[in-house]
Amino acid sequence: GGWLLLQNCHLGLEFLSELMDTIATTESMSEGFRTWITTEAHQEFPINLLQSSIKFTNEPPQGVKAGLKRTYSAVTQDHLEVSNMPQWKPLLYAVAFLHTTVQERRKFGPLGWNIPYEFNQADFTASVQFVQNHLDDMDIKRGVNWSCVRYMLGEVQYGGRVTDDLDKALLNTYARVWFGDHMFSEKFCFYKDYVIPKGKTVEDYLQYIEQLPVIDTPEVFGLHPNADITYQTNLANETLSTIVSIQPKDGSTGGGETREAVVQRLADEMLEKLPPDYNPHEVKAQLQKMGAIQPINIFLRQEIDRMQHVISRVRTTLTDLKLAIDGTIIMSEELQDALDNMYDARIPKLWFRISWESATLGFWFTELLERNQQFSSWLQDGRPNQFWMTGFFNPQGFLTAMRQETTRMNLAKGWALDSVVLHNEVTKMMKEDVVGPPPADIGGVYIYGLFLEGAGWDRRNSKLVESAPKV
């Protein structure tokens, strides 16, 4: 009649099948027996065990109000009164607000953090313990050592998880702006209507938290209001994608055409439009003509190799899928995934792993043709006057090759690769206006295809502008 607790079961999925068999074949079992399993979400988790279980998900709270409420629900009155220093309660609330903020920024993706970090309750607990120890050891005459507090929060407690330089700068900015003697003044606020409450009991703080807005504007976290558009768009896309993925996989469409027939027709169309394979001997001969050891041509060879890999994979998948639909070969798990995704106009996992992101399968395939066109034209007609840089697999490699080439051209002037830096200039020319490479005295290359997120470009005045009105 006891309880069995199994933790982190995503690390031992094979045992779970054995566990399911044991439970299913046991002849007699106490009514009070329960098996409690903790696990991360995993695609290979035994589905029969999942379906027969009662699921309980522990998700982080959404919003400042929910985050602070959860934090202060775990704070006892003894903890609130553990220090008699007047700075203790405001600092505790400020650390709780910082903890909620760093967690909430994750939902905005790369706009919130360049790298998503797993900030958790341990970070908050360690930060609060540090603040408590610092106040206990503080010289009352000198006051709080804010440099120390900011360093510990921005560089150690929360910053210890951060690996990106810009993310570290963001954390340190929060610590600098929110933590200081100014936080005890009447005018201080994290954002309009988000202040540090003056309370004596945990209930006082919970009452203040209760009147905070349920939905926060991104400006609370230091983001532009348009960041919420990106978040809501991603959330809607994820929800719709989930709905599509759990739709029944059998049956026919409204016109009576089966899923297999739809996908087979699509596969025929794609195979007809798919570019031919690159001939290795022709590629080598053309590169020799252009100068095979030039950095920019070495880069081209690498891009063509990757494009050939994509073309081969697409051709093989489509050919095998047609045979599987006809019953000539067995429908494997990968082919089934390709069939399901192609029917839903999504990119099969086999292709996505070796290629690029795109909204739909149609856009992805169109981009395949356009990327291939750039490479084949470059190979046959020579170096183009302008480059579609977002059509490369490795844009950074293109920039590096260009730097190497420019350095070699200026060796007589004493140029060294380590000292060459990139300089960008946005021209007022349209793509059609470019009829030749940049002037020899300027050097470099013309590129196009870049895009801005969160801003627009004023061509007349050559400056950044708001991309859209605030919503």
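Which residues form a nonpolar patch on the surface?

## A patch on the surface

Welcome to this predicted model. Trp3, Leu5, Trp36 and Phe56 form the nonpolar patch, and together they have about 550 Å² of accessible area. One of these residues, Leu5, belongs to strand β1, which covers residues 3-6.

## A visit to Tyr158

Is Tyr158 buried or exposed? Tyr158 counts as buried because its relative accessibility is 0%, and the cut-off for buried is under 20%.

Which residues does Tyr158 touch, leaving aside its neighbours within four places in sequence? Its contacts are Val95, Leu98, His99, Val102, Phe119, Asp123, Phe124, Ser127, Met152, Leu153 and Leu171.

## A visit to Ser355

Our last stop is Ser355, which sits in the loop linking α15 (349-352) to α16 (361-381). Ser355 has a relative accessible area of 16%, so this residue is buried.

What does the side chain of Ser355 reach at 2.6 Å? The answer is the backbone oxygen of Trp351. Ser355 also touches Val310, Trp364 and Phe393, when residues up to four places away in sequence are not counted.

Conventions:
Residues numbered from 1 in each chain as written. Predicted model: local features only at pLDDT ≥ 70, side-chain atom pairs only at ≥ 80, totals over all residues. Heavy atoms only, no water. Helix = DSSP H or I, 4+ residues; strand = E, 2+ residues; numbered from the N terminus. Buried < 20%, exposed > 50% of the residue type's maximum accessible area, 1.4 Å probe, protein only. Polar contact = N/O pair within 3.5 Å; in protein donor to acceptor, adjacent residues only side chain to side chain. Contact = heavy atoms within 4.5 Å. Patch = residues over 30% accessible without salt bridge, like charges linked within 9 Å, V, L, I, M, F, W, Y side chains within 5 Å. Areas by Shrake-Rupley, 256 points an atom, 1.4 Å probe, with all protein chains shown as cover. Salt bridge = Lys/Arg side-chain N within 4 Å of Asp/Glu carboxyl O.
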